[in-house]
Amino acid sequence: MPAHHLRALSPLDGRYAGKVEPLRNIASEFGLIRYRVLVEVRWLQLLSESPEIPELGTLPDEINSELDRLANAFSDEDAEGVKRIEATTNHDVKACEYFIKQAFGEHPEAASIAEFIHFGCTSEDINNLSYALMLRDARDAVLLPAMRSVTDSLADMAARYASEPMLSRTHGQTASPTTLGKEFANVVARLDRQIAQFEAVMPLGKFNGAVGNYNAHLSAYPEVDWPALTGRLVNQLGLTRNTMTTQIEPHDWVAEYAHAIERFNTILIDFCRDVWGYVSLGYFSQRVVQGEVGSSTMPHKVNPIDFENAEGNLGVANAMLAHFASKLQVSRWQRDLTDSTVLRNLGSALGYTLIACKSCERGLGKLELNAQRLIADLEDSWEVLAEPIQTVMRRYAVADAYDQLKALTRGERMNEQRLAEFIDGLAIPTHARDNLKALNPANYTGLASALTKQFLDGRSSAK
């Protein structure tokens with residue numbers, strides 16, 4: 001670990017720095033500056049292409065090429081140049097404007113063109129589009145692939161164990177058996193739904209001036225259709241325009257975005273806790289990684305650290321995401337600045353989510369099924385067959401079916417022989433008795449295997 005990572009206040013820039021690398025160009029201070037410069041550049045270029053703005057006119061090739069370079073190949077050196085200017089201006093967006101002006105150098109038309117940088121804009125016009133681009137790109141390029149990857153790994157395990165019988169536990173007590181694959185498939189179905197909702201969140205953007213009414217724009221060019229012109233910018237950036245705003249885009253869609261991740265994360269927390277429990281029960285052993293230490297004092301231990309790490313990081317992410325969703329929708333009157341510092345933390349919540357997805361997937365890769373342990377649990381739980389016996393008794397109108405099985409099994413240790421003796425004494429058709437006596441806890445799994453395979457086939461066909 002580099003020495004500077006050891007002094008990082010956040011584990012995202014220290015212990016976990018390598019795991020969040022895909023987010024660095026997108027959700028960092030560098031990424032925010034890069035998106036701000038991109039928005040400023042595209043707005044200037046759009047104005048230059050608009051015949052309604054004759055004072056600007058077509059940009060010289062030399063200046064247009066430099067603007068394209070800033071938009072398409074923004075560098076660390078460029079970002080550092082912006083930060084040097086900000087050290088004087090103490091205003092981050094204004095620093096981007098001044099930086100672009102400086103990039104024109106000594107070009108003879110630089111002075112007249114420079115005044116159209118940030119034309120008609122309030123800082124929030126630039127910022128809201130920049131954050132929208134950041135969140136969109138982080139979602140599409142980093143988070144969705146990570147979410148799909150861990151979900152697909154779960155789907156693979158669901159397919160592998162679709163017919164592997166497993167004792168269920170409701171309220172922590174033995175219950176009707178299922179299959180291990182069915183329980184994994186349940187999680188996949190839930191995660192798939194949240195991924196679809198996350199993907200469907202529509203990033204919005206506003207570009208309508210100080211309080212959302214194009215006041216300054218109209219004072220300079222009253223004949224221009226400013227909603228149409230600014231709408232072109234928003235659409236060219238791949239965003240959807242929000243026409244009704246104050247000084248800020250109200251962040252409702254950011255709340256939707258945060259809530260969508262939070263729901264995905266909560267389902268993954270639920271899974272991590274369950275699989276942690278299955279490891280504890282011995283249903284899974286964990287592949288030993290050479291050199292790893294499970295406990296500083298108990299040499300035998302192989303702890304489920306990946307699932308614990310995922311659960312912890314998901315919790316941190318969700319705490320932040322919940323705050324984003326509840327806070328960012330609230331702004332006093334036409335604007336207050338409380339959203340500014342909160343928005344700067346978006347990348348952290350995304351980073352903790354990314355770490356958790358990777359940890360969970362790594363944990364899945366270490367799991368090795370202990371089928372004998374699952375069978376042993378089932379063989380020790382014949383009482384779960386009280387359910388089908390009393391249900392068949394009800395079909396044939398045997399009085400007090402439920403209460404008879406309650407008296408037989410509740411608090412009692414059951415085995416195959418005791419249940420067979422009870423079944424033999426039932427006044428039900430012979431074939432019904434034979435069918436009940438053919439049941440055992442391992443084959444009493446209903447449609448679990450079929451439902452799992454049907455779901456996974458449908459999921460594969462949909463891709």
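Which residues lie nearest the centre of the largest pocket? They are Thr 174, Glu 383, Ala 386, Glu 387 and Thr 409, among the 13 residues of its lining. The legends below describe a predicted model, in which local features need pLDDT of at least 70, side-chain atom pairs count only at pLDDT 80 or more, and totals for chains, interfaces and linings use all residues. Residues are numbered from 1 along each chain as its sequence is written, and side-chain values use heavy atoms, with hydrogens and water left out.

**Figure 1. The whole chain.** The chain has 21 helices and six strands (DSSP runs numbered from the N terminus: helices are H or I of at least four residues, strands are E of at least two). Its C-alpha trace spans about 105 × 55 × 40 Å along the principal axes. The radius of gyration of the chain is 31 Å, whereas a compact globule of 463 residues would have a value near 23 Å (taken over C-alpha atoms; the globule rule is 2.2 Å times the number of residues to the power 0.38). Buried residues make up 50% of the 463 residues (buried means under 20% relative accessible area, exposed over 50%, partly exposed in between, with a 1.4 Å probe and protein chains only). Of the contacts between residues at least 6 apart in sequence, 78% join residues at least 24 apart (contact means heavy atoms within 4.5 Å).

**Figure 2. The largest pocket.** The volume of the largest pocket is about 460 Å³. A pocket is an open set of points on a 1 Å grid over the protein atoms alone, with protein on both sides within 12 Å along at least five of seven lines; a cavity is a set where a 1.4 Å probe fits but cannot get out, and lining residues have an atom within 4 Å of a point. Points are joined across faces, edges and corners, and a volume is the space filled by probe spheres set on them. Two or more lining residues of the largest pocket come from each of β2 (173-179), α17 (386-395) and α18 (401-409), and α18 gives the largest share, four residues. The lining comprises five nonpolar, four polar and four charged residues (Ala, Val, Leu, Ile, Met, Phe, Trp, Tyr, Cys and Pro count as nonpolar, Asp, Glu, Lys and Arg as charged, and the others, Gly among them, as polar).

**Figure 3. The largest cavity.** The count comes to two cavities of 30 Å³ or more, and about 50 Å³ of space lies in the largest cavity. Its lining includes Glu 124, Tyr 131, His 251 and Trp 253. Helix α8 (123-160) supplies the largest share of this lining, five residues.

**Figure 4. The second largest cavity.** This cavity has a volume of about 30 Å³. Phe 207, Asn 208, Tyr 214, Thr 230, Arg 241, Asn 242 and Thr 243 form its lining.

**Figure 5. Arg 36 in helix α3.** Arg 36 lies in α3 (residues 29-48) and counts as buried, at 2% relative accessibility. Beyond its neighbours within four places in sequence, its contacts include Asp 92, Asn 127 and Arg 344.

Figure 6. The 30 residues of α12 (residues 252-281) should span 44 Å at 1.5 Å a residue, and the end C-alpha atoms are 44 Å apart, which agrees (the expected span is 1.5 Å times one less than the number of residues). Just after α12, Gly 282 takes a positive phi of about 90 degrees. In α15, 16 of the 21 residues are buried, so this helix is largely enclosed by the rest of the structure.
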